[in-house]
Amino acid sequence: MKRFILLIIALVIISFNVSAQQIAVVNGSGNTSIYDSFDSAITSAPSGSTIYLPGGGFQHDPEVKITRRLTIMGISHKSTSENADGNTLIGGNICFAPGSDGSAIMGCYLTNDVQIGDGGRVSNILLKYNNINSIQVMTDSCPGIKVNQNYVRSASNFRGSNVYYSNNISHYIDGVHSGIVEYNTFIGYRSASYTYQQFCVNGSNYTSKYNIICEKLSGSLDDVGSINIDMGR
């Protein structure tokens with residue numbers, strides 16, 4: 001009985017520590033502020049700030065859009081034996097709205113989508129070291145998007161944007177206009193009818209090289225390119 005009571009007390013203490021997790025925001029002058037929630041950090045942080053998220057889960061209201069240049073940094077998108085704090089998990093869509101040019105997200109597991117250009121054109125967004133459901137550009141042509149070393153779980157659409165898309169494990173991407181797609185592993189995307197999409201990358205005027213395509217494509221060999229590897233053929 002005594003052991004059971006001690007266990008309950010320990011669980012209560014752990015629960016309190018998780019709920020009391022605080023978020024540090026460092027502004028461009030090097031001054032630090034502390035916030036109790038992810039959303040309050042987003043709405044209060046001055047432009048040019050970095051939001052540091054510890055390990056744990058953070059629920060995000062998608063109505064709270066990013067409207068200033070912010071860098072969001074988690075500790076990792078996956079739990080490993082070397083990472084005692086687990087991962088940084090954000091629930092809800094992350095929306096980059098006008099004014100957020102030059103923003104970035106790094107080292108987070110995102111349960112939902114990253115939406116770029118929600119309400120107008122946004123430029124120079126960086127996504128790096130994340131696990132993301134998908135990337136959705138919400139308006140035509142948001143230039144300078146960089147997607148590097150992420151795991152992207154579902155199909156993404158860049159709506160005619162200039163994109164540098166490199167070293168990702170990814171599903172089908174659409175709407176790439178100019179830019180570079182290189183050193184990625186494309187693992188296929190199934191539509192509602194359970195057939196594979198014709199292209200692993202669909203767009204125009206972009207350079208595609210050194211990608212590995214794991215699922216057989218239905219298009220011609222030109223769809224892949226001679227300097228990519230189609231493992232399905």
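## Glu182 and Lys209

In this predicted model, a salt bridge connects Glu182 with Lys209, and the closest N and O atoms of the two are 3.7 Å apart. Because Glu182 belongs to strand β18 (residues 173-182) and Lys209 to strand β21 (residues 207-209), the pair ties together parts that are 27 residues apart in sequence.

The two partners carry separate accessibility labels: Glu182, with a relative accessible area of 9%, is buried because the value falls under 20%, whereas Lys209, with a relative accessible area of 24%, is partly exposed.

## Asp118 and Lys65

The structure holds two salt bridges, and one of them is formed by the side chains of Asp118 and Lys65, at 3.5 Å from N to O. This pair links distant parts of the chain, with Asp118 in the loop between β10 (113-116) and β11 (126-128) and Lys65 in the loop between β4 (56-59) and β5 (70-73), the two residues being 53 residues apart.

Asp118 has a relative accessibility of 17% and therefore counts as buried, while Lys65, at 31% relative accessibility, counts as partly exposed.

## The hairpin of β1 and β2

Strand β1 (residues 23-26) and strand β2 (residues 32-35) run antiparallel and are joined by four bridges; within this pairing, Val26 of the chain stands opposite Thr32 in β2. The hairpin that β1 and β2 make has five residues between the strands, and Gly30 in this hairpin takes a positive phi near 90°.

How values were computed: Residues numbered from 1 in each chain as written. Predicted model: local features only at pLDDT ≥ 70, side-chain atom pairs only at ≥ 80, totals over all residues. Heavy atoms only, no water. Salt bridge = Lys/Arg side-chain N within 4 Å of Asp/Glu carboxyl O. Buried < 20%, exposed > 50% of the residue type's maximum accessible area, 1.4 Å probe, protein only. Pairing = 2+ DSSP bridges.
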